[in-house]
Amino acid sequence: MTVISHITCPVCGDFCDDIEVTVEDNVITDVKNACAVGAARFLNYATHRRTKPLIRKDGELVEASLDEAIRKSAEILADATYPLLFGWSSTSCEATRVGLELAEEVGGVIDNTSTICHGPSILGIQDIGISSCTLGQLRHRADLIFYWGSNPWDAHPRHIERYTMFTEGRFQRSTWRKYVSRLGGTVTEKRLQRTANLLLDHHPPTPIETGQGLPYTMFQKKRKMVVADVRKTRTAEAADYFLQVEPNRDYELLQAFRMLIRDGELDVEEVAGVPVELLEEVADVMIGCELGVFFFGLGLTMSEGRHRNIDAALSLVRDLNQYTKFLIMPMRGHFNVTGANVVFTWQTGYPFAVDLSQGFPRYNPGETSTIDILRRRESDAALVIGSDPLAHFPKKTAQNLIKNPLIAIDPELTPTTLMADVVIPPAYVGIEAEGTAYRMDHVPLPLKKIVDPPETCLSDEEILRRILNEVRRIRRKLN
Amino acid sequence: MPKLKATLLTGRTIDQGTERERGKFSEEYRRSVTICEIDPDDMKRLGVTENDNVRVSTDSGSVILRAVKSARAPHPDVIFVPYGPWASLIMNSETHGTGMPLLKGLPAEVEQAPEEKILSLRELLEKHYKREHE
């Protein structure tokens, strides 16, 4: 039995680096410090993985040798005129670098999952610029945490505990005790209410407080949390202020904040469903903080307005910096989606949706982005690595993806691998293979190898390198 | 039969995150993502109770899901479906030149579907995704 500590967790953008795992006979038997999702990954990854490559023959996926699968993949890519290489957020930077070389060689489009995640954030950042920092800074210094359209409780389960409200920073105390006592109070209140409703039969239940009244923490000199979301999520329940914004009206609310911060007056009762009185309170808290941070999630990027919402959020933070120190950070989803953007930018000049079909990089989201290419059915082959577009793309785009030859590099059985023409299961990066990944605040951290991969599974980087060499061999032969 | 005009939101849930680690074709994953969280008052208006099947439709199609009383209420006329192959069936692929389809805040309609059943992932793939080349 070996206990390995300081493992990075290859799941979400938080990329926690304090995981401890116990390994017995090359099997992970215990995980400490990880969240529910991280622990589930470490403990279950091996239970439903594939180890042998598959090739489709006569309509059926059949087992093949690795050489055969690599040769077939190279043939598909070499034959295609406009192949799409998609994924890259759940693999290492080293693999992405080879992927970019491959995309250049085959003259295709290479795009990462931020195209359907924080792509609009990148567009906004390119328009406005971003004042950001590392999570360590925030952990020690931030006294106002703003989450907008983001629910870390479900999507980044340790974010609040490690970097914001519930962490003990050098200059900021954890608010965990306050939250626990308040939670206890809320539970008791709900129980009393239920009992009263039962005793006073047929009386309509008293509406539960929505959290939009004046907050009780107004004068408290402690770390504060504000949440703006369309539903009262678990994160919102832990907040001092909750702004329940009507769906698709985030832009309006952000601009209202900008107006209040510039001493403007709002001549209305409410904006996007939030009372102006509450907005004024929150604007005061934002101006009055010592160091504030604005985390935003897909609630802004995936709803009406897309990158214009991000423009407004970035501008709001810029405005706030006239009064105090305020920073902003997107809540990135996959553990290395930031790394994919970084490597893409370092290699081609652009962070996603890079078209290399003309021999030089072109970037025009809306034209060279995956969803648009698939919707218009422009690509004639695809390679997908570490992603499951068939499960997560809108139906029409996913249908078009499987109308052309598809290569999937993924150790799991997913809708994408099930419909692919070639499936190559690699070693799990961060568990069975090492590499580098970037945390959401652009801090690079190592992905570690904890257990040995099955003999038939190479790392993503090695698989891509072999496909690239094979493509070059085919092209040399043709020339 | 009453219909509810609603705004459809999709998103992550902790169950979707943990159950996908058991495999996308596991029953646990299917149960975690084939739900539609509805405001309790809206459920009454629709005439559905917890775990009844409902049909959620958008301009891109429709899907059968299990109605679940939202623990995040009140959010009248707003429904929530976790990300996954079932939610993707009713998403629109139009990006309006941004590269990003509208995945949150779509207009949708919900109605009872007591006779319909929720497809398994394999049934869903067979029904909606066809390969055209060999």
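**A tour of chains A and B**

Start by selecting strands S2 (residues 19-24) and S3 (residues 27-32) of chain A: they run antiparallel and are joined by five bridges. Strands here are DSSP runs of E with at least two residues, helices are runs of H or I with at least four, and both are numbered from the N terminus; two strands pair if DSSP finds at least two bridges between them. You are viewing a predicted model, in which local features need pLDDT of at least 70, side-chain atom pairs count only at pLDDT 80 or more, and totals for chains, interfaces and linings use all residues. Residues are numbered from 1 along each chain as its sequence is written, while chains are lettered from A and ligands numbered from 1 in the order in which they are written.

Now zoom in on the turn. S2(A) and S3(A) make a hairpin with two residues between them, and Asp25(A) in that turn has a positive phi of about 50°. Select Glu24(A) too, and you will find Val27(A) of S3(A) opposite.

Next, show both chains. Here 46 residues of chain B are in contact with 58 residues of chain A (C-beta atoms, placed from the backbone, within 7 Å). On chain B, elements that each supply at least two residues to this side include strand S1 (3-11), helix H1 (14-19) and helix H5 (121-128).

What pattern does chain B follow along the sequence? Chain B reads β-α-α-β-α-β-β-β-α-β-α, with five helices and six strands. Its C-alpha trace spans about 50 × 35 × 30 Å along the principal axes.

How values were computed: Contact = placed C-beta atoms within 7 Å.
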